[in-house]
Each structure stands twice: as structure tokens, then as C-alpha cells.
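Work through the exercises below with the model open. Each task is followed by a worked solution.

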Amino acid sequence: MKILLMLCLVFGSGAVLFAEDQGDDIYIVCAAGYKLPIKELIVKYEASSNHKINAVFGNMQTITTYVKKSGEVSLIIGDANFIKKSKIATKKLVKLGNGKLILVYQKDINLTKPEDLDSESITRIGIPDPKKAIYGKAAIEYLKTYGLYNLVKDKLLVLKTVPQVTSYLKTGNIDVGLINVTDYEKLEGGDFKSIKISPDAYEEIIIEAGMITTKADSFYKYLQSEESKKIFKRYGL
């Protein structure tokens, strides 16, 4: 009942939150841009464990707020700087990998280098909310590093999460999206093209898992297993 109440409070604030398998066992929260690998890891973990993992996904501001209000979360996965600034007390922290920003665009658009974003053929550029999502912040830093921000700021469509930007790309509602390499897995195929962005163009993104209570100890350890490392690598971490 407490968990349902907290979900209502978070939804009521206008935040985008993705809840998976609401139950009464281990609760974790995770940045929405890493939903794909974490869901895959949960399935594998549950197949060889007597524990059930209940995961909530959203932007970093949403999930850190949820941790503080619910009092039920045992583990958080997301940007290291955001976790630190949130002042959430963690018993242990482990680095899972480095997040990578990528520029993705519709296949019928002629785009070969970052400077081409100023082209008249590009009218809408989707980014996650830079105040709430680490890849939104990275997107703004990248645009400013290349001297593009003032040229394209009127084209920017600010969305709440990385998956939302990805969805807008899939439906053709934006020409270009700035997302993470991990979520790009949803788009691979013939309909989209991409340009890798130098990690020097934005502040380093470190993805961590933080254990809040020992209830999540076994899953925390599983995230450091060779099997988990292979899955994270496959998703670009």
C-alpha cells in the first residue's frame, strides 16, 4: 500500500516513472536510459535466485526523489555525480561503466558532422531534460563545446527521459535525438543513422550502483559478475 501511495505521489508531480513488477521483495531504482540491460539482468538473476527484483525507472531526479520518499528502495543505479549530490546514504558503491552520448537522426537527413545540426532541413532536436537527466546535461555541454547551442536552441525539444527521446525518434516526431548508446539498441536497423560524439565534448558520465540496504546485497554482487559485465559491455557501458 505504501509503494502504491508513493507511485501516486510521484505521478502527481508530473514526473515520468516506469514501474516494473510491483511486489513486496527487493526494490531498486534505475535511470531510465539503462532500462534495457537492467531488465535483462533482472530476468537472469531471478532465474537463479529465490529473490524477486522490483524495478522503478525514471530520470535521475525522479528516482532519487522516489528513494527519499518511499523508504523502500534497497539499490540505486545511475549517474555517480547525481547520486552523490542527492545525499542518499549508500553502504557501498561500484562503478558499472561509463555512459556515452550519441547523436541519432532519421535516415533521410543528410548529416555527416556535428556542425550540420544548423542545417535548415533539421527543425526538431530532441534531448532529455538537462535539469533532471544526465544525458540532457551532456547534450547541452556537447552543443556548447561545438559552438552550436545558440544556433540550434530554438530547435530543441526538451523531453523528460532518454527513452522518451528514443520514442520520438521512432515515431518521426523529431529529426535528431541526443541519447545514450545503451538506449540506441532500441533503434538499430535501417531507419536511423548515428554519429559518435567525442567523450571530450561533455563531462565524464560514470554509472554506479549504490547499495542502500543490505537486502540488495546479492543483486549488488551479481551486478559485478562476469555475466553482468558482458551484458553491460554489449549495451555500450
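**Exercise 1.** Is Tyr 142 buried or exposed, and what is its relative accessible area?

Solution. This is a predicted model, in which local features need pLDDT of at least 70, side-chain atom pairs count only at pLDDT 80 or more, and totals for chains, interfaces and linings use all residues. Residues are numbered from 1 along each chain as its sequence is written, and side-chain values use heavy atoms, without hydrogens or water. Buried means under 20% relative accessible area, exposed over 50%, and partly exposed in between (1.4 Å probe, protein chains only). Tyr 142 has a value of 1%, so Tyr 142 is buried.

**Exercise 2.** Classify the ring pair of Tyr 142 and Tyr 146.

Solution. Rings of Phe, Tyr and Trp (its six-membered ring) pair if their centres lie within 6.5 Å; planes under 30 degrees apart are stacked, over 60 edge-to-face, the rest tilted. Here the centres are 5.3 Å apart and the planes at 65 degrees, so the pair is edge-to-face. Tyr 146 is partly exposed, at 32% relative accessibility.

**Exercise 3.** Which parts does the pair of Tyr 45 and Tyr 222 tie together?

Solution. The whole structure holds five aromatic pairs. In one of them, Tyr 45 and Tyr 222 are tilted, with 5.6 Å between centres and 45 degrees between planes. Helices are DSSP runs (H or I, at least four residues), numbered from the N terminus. Tyr 45 belongs to helix 2 (residues 35–47) and Tyr 222 to helix 8 (residues 217–222), so the pair ties together parts 177 residues apart in sequence. Both Tyr 45 and Tyr 222 are buried. With Phe 219, Tyr 45 and Tyr 222 form one aromatic cluster.

Terms used. Helix = DSSP H or I, 4+ residues; strand = E, 2+ residues; numbered from the N terminus.
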